[in-house]
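This report goes through the metal sites and some of the strand pairing of one protein. Please keep the sequence and the structure in view while reading.

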Amino acid sequence: MRQLALILFLFAAVFVSAAAETNYVCVVCGKGPLTGRVWISKWGPVCDDCYRLENHCSLCGLPVRAGDGSVKTGDGRFICKFDKPNAVLDAAEAREIFTDVRRELVDLFGAGFALNYPDVTVNLFDVDYWSEKGRGDGLHKFGFSSTRHSAGGVCTHEVVLLSGRLREELAATAAHEYTHLWINENCARPLDADVAEAICELSAYKLMAARGRPAQQQKILGNPYTHGEIKKLVALEKERGIGYVLNWVKNGAAESFEAAAFAAPLPRRTLAVTNVPPPLPEALKLGGLLLDGQSRQAIISGVSFAVDETRPVRLQDRTVSVRCREIRRAEVVLEVEGLAGAFTLKIGEEKFVP
Ligand SMILES: [Zn+2]
Ligand SMILES: [Zn+2]
């Protein structure tokens, strides 16, 4: 049991169930009906042989094997057949997404958010790109943007986006990178690095709000890489409007909003990376269940729980005390210290706790 739970830590997207009651067919290899131990992923049952495969989908964790309809990116990441239709693998599609995103942002923020030099070269890159460019710092980046200023104030813009990501996430990154370009054109003074990143994240946040994607908005708010500046900026934008924020970027004098308000310079932080994903989960997530005879375990944000067990769960900026009240067929009932009442969490579902 201990070993089994350990395996589940590695592939938390999958859970185990007793096969006896149902007619399971493996979604990876097509084998079935399955007997014995069956792992059930968010996409359906997985046989024990496939569960032990070495390669996994970089988006959902499903095991992949040759000929199962999955694809491999140039840098060796796999994308399963279920995620493939929603993953962006070619540059032409990335360009379309970028074009849609910039149009939506200009609609949202006004004509002043258009670029004076509208040509933007958009490309996809693989993970290898960073080591080739000598920027390999072990961090996985989603996007990068640059503007070259040449004679007469002419700007040449370039954006590169990580391949093999889900469309909606790529759109959020496109909004972030587009905003960097706009800042490059419109802000002559140096901005505090976290503030600049937060302004770019605000665009992504507003885009996801306009598209009705609350989960993506929460993800942006929860990402620690602006060191909390995004939350402050979202509050400021709510109070004063996007026009105030953009005008401050363009015509303000300070490098951060605090410096503007209190005339006290912030300690300067350097941040050379763009769009780094959080190292720890930002939400409680039911990654998997292990139903094995009478014994049941739930894997919640990488921590395994028995029924009625209370354990600490480390999230990206804090630790919460979670009690697993019930383990059902494909969901759990949880209580979190400091939160009134219990709630259910389905497999693959995330719950943001304050
Ligand atoms: Zn299989
Ligand atoms: Zn997948």
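How many residues lie between E2 and E3 in the hairpin that they form? There are two residues between these strands. The model is a predicted one.

Strand E2 covers residues 37-41 and strand E3 residues 44-47. The two strands pair in the antiparallel sense, with four bridges between them. Within this pairing, Val38 is found opposite Cys47 of E3. E2 is mostly covered, since four of its five residues are buried.

## Zinc ion (ligand 1)

Cys47 also takes part in a metal site: the zinc ion (ligand 1) is coordinated by the SG atoms of Cys26, Cys29, Cys47 and Cys50, at 2.3 Å. The four donor atoms make angles of 102 to 115°, and the site is tetrahedral. Along the sequence, the spacing of these donor residues is C-x2-C-x17-C-x2-C.

The site draws on distant parts of the chain. Cys26 belongs to the loop between strand E1 (14-18) and strand E2, while Cys47 belongs to strand E3, and the two are 21 residues apart. Both Cys26 and Cys47 are buried.

Are Cys57 and Cys60 buried or exposed? Buried means under 20% relative accessible area. Cys57 has a relative accessibility of 4% and therefore counts as buried. Cys60, at 12%, counts as buried too, because this value is also under the cut-off.

Which strand does E17 pair with through five bridges? That strand is E16, residues 331-336, and the two run antiparallel. In this pairing Val332 has Leu345 of E17 as its bridge partner. In general, strands of a sheet pair through backbone hydrogen bonds, either parallel or antiparallel.

How values were computed:
Residues are numbered from 1 along each chain as its sequence is written. Chains are lettered from A and ligands numbered from 1 in the order in which they are written. This is a predicted model: local features need pLDDT of at least 70, side-chain atom pairs count only at pLDDT 80 or more; totals for chains, interfaces and linings use all residues. Side-chain values use heavy atoms; hydrogens and water are left out. Two strands pair if DSSP finds at least two bridges between them. Buried means under 20% relative accessible area, exposed over 50%, partly exposed in between (1.4 Å probe, protein chains only). Donors are N, O and S atoms within 2.8 Å of the metal (3.2 Å for Na, K and Ca); water is not among the atoms, so sites may look incomplete. Four donors count as tetrahedral if all angles lie between 85 and 135 degrees; four count as square planar and six as octahedral if opposite donors are over 155 degrees apart and all others between 65 and 115; anything else is irregular.
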